[in-house]
Amino acid sequence: MTIAHATAASGRQPVTVEMVDLYKQYGPTKALNGFNCTLNPGEMVVLLGPSGCGKTTALRALAGLEDIDSGRILTDGRDLTGVGPAGRDMAMVFQAYSLFPHLTARENVEFGLRVRKMGAGKRREAALRQLDLVGLADQADKYTHQMSGGQQQRVALARALAVDPTVLLLDEPLSALDAKVRVNLREEIRRLQQEAGTTALFVTHDQEEALAVADRVGVMRGGVLEQIASPTEIYGSPVTEFVAAFIGTTNRLDARSDGNTAYLLGQKVPLLPGSATGEVSVLVRPEAIDLSPATGDENAVVEQMSFLGAHTRVTAMLGDTRIVAQLGPSAALQLDVGGRVHITLHNTPALAVAA
């Protein structure tokens with residue numbers, strides 16, 4: 001999505017957001033510990049990390065719902081650090097929807113517009129337009145208790161977008177929904193955010209969700225960003241062991257490294273920049289491993305096979321080392337639990353870390 005596209009869709013230029021050297025401490029816990037993150041105009045950045053890593057604190061600090069101990073928050077160079085939530089021109093979609101039960105879907109969407117003193121006719125028109133965009137035009141006169149969880153979250157999204165915020169904030173918006181609804185709604189959120197051209201910050205603990213919707217993913221630990229990069233880069237080129245282990249599945253295999261190449265299982269694997277040297281562990285993704293029926297004295301044995309639709313996850317034991325591979329249907333059909341297999345490593349760059 002280009003900025004020109006975003007401007008045409010929203011009627012104004014999307015903003016740059018800067019969170020600079022943020023600190024926030026709760027007792028002995030440093031929720032934000034020198035947190036730095038920039039959101040480019042019209043970009044969706046997803047903050048990902050385990051519970052307690054600081055991602056929700058960062059989101060709430062940006063919204064003005066959480067005071068920071070030090071640091072600066074800016075949009076297009078305007079310092080918002082001491083500005084309250086009402087003065088930030090942002091909108092948030094919460095995990096728990098936060099809809100008014102005594103109002104209809106349309107009235108819920110109209111609420112923010114009424115606060116902004118928009119006339120009744122224009123409010124109604126704008127609310128119906130947003131409900132149509134989220135596929136709920138026919139539900140406009142229903143109350144929240146008459147709607148499913150997915151529909152309620154769509155209403156919450158329509159309400160947030162109706163006020164044309166400079167920044168859209170999404171706080172675990174899909175975690176209360178079942179798996180199929182989550183997948184459909186995350187695609188809807190991404191589509192609407194791109195069409196509106198709104199700069200957005202999305203917080204989640206779900207790796208798949210983050211990779212699916214983000215322009216860039218920021219992985220947090222201990223109140224700081226370990227890495228922020230495109231989904232492809234953060235998955236394929238992690239810069240730390242924590243990022244590699246948190247995003248997807250990795251195999252940790254003993255190896256010898258010269259910093260550029262790792263030597264393991266009688267094979268060579270290229271290494272990512274910043275890899276450790278000497279006796280190391282190499283972090284290899286399951287899809288970078290092939291397993292085939294043994295033809296010689298190989299002693300890796302298939303322990304488990306899990307059919308997952310488009311691929312099969314196969315676990316093999318090589319001595320005390322567990323190796324997980326992700327295979328296509330034809331390759332998996334050649335294997336049996338208890339059978340010996342040959343392990344082939346792809347020529348895919350991996351990260352070597354201290355053993």
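Mentor: A salt bridge here is a side-chain nitrogen of Lys or Arg within 4 Å of a carboxyl oxygen of Asp or Glu. Keep in mind that this is a predicted model.
Trainee: How many salt bridges does a search of the whole structure find?
Mentor: The search gives 14. One of them pairs Arg129 with Glu125, with 3.8 Å between the closest N and O atoms.
Trainee: Where do Arg129 and Glu125 lie?
Mentor: Both are in helix α4 (residues 120-133), four residues apart, or about one turn of the helix. Glu125 is exposed at 52% relative accessible area, while Arg129 is partly exposed at 46%.
Trainee: And what do the side chains of Glu195 and Arg191 do?
Mentor: They meet in a salt bridge, 3.1 Å from N to O. Arg191 counts as partly exposed, at 29% relative accessibility. Salt bridges with shared partners also join Arg154, Glu188, Arg191 and Glu195 into one network.
Trainee: Changing topic: what volume does the largest pocket have?
Mentor: About 560 Å³. Its lining has 21 residues, and Met90, Ala91, Met92, Arg116 and Val163 lie nearest the centre.
Trainee: Which classes make up the lining?
Mentor: There are 15 nonpolar, two polar and four charged residues. β6 (90-93), α3 (105-115) and α5 (149-162) each supply at least two of the lining residues.
Trainee: Last one. Is helix α2 mostly covered or mostly open?
Mentor: Mostly covered: seven of the nine residues in α2 (residues 55-63) are buried, including Lys55 and Thr57. Gly64 follows α2 and has a positive phi, near 85 degrees.

Methods. Residues are numbered from 1 along each chain as its sequence is written. This is a predicted model: local features need pLDDT of at least 70, side-chain atom pairs count only at pLDDT 80 or more; totals for chains, interfaces and linings use all residues. Side-chain values use heavy atoms; hydrogens and water are left out. On a 1 Å grid over the protein atoms alone, a cavity is a set of points where a 1.4 Å probe fits but cannot get out, and a pocket is an open set with protein on both sides within 12 Å along at least five of seven lines; lining residues have an atom within 4 Å of a point. Grid points are joined across faces, edges and corners, and a volume is the space filled by probe spheres set on the points. Ala, Val, Leu, Ile, Met, Phe, Trp, Tyr, Cys and Pro count as nonpolar, Asp, Glu, Lys and Arg as charged, and the others, Gly among them, as polar. Buried means under 20% relative accessible area, exposed over 50%, partly exposed in between (1.4 Å probe, protein chains only).
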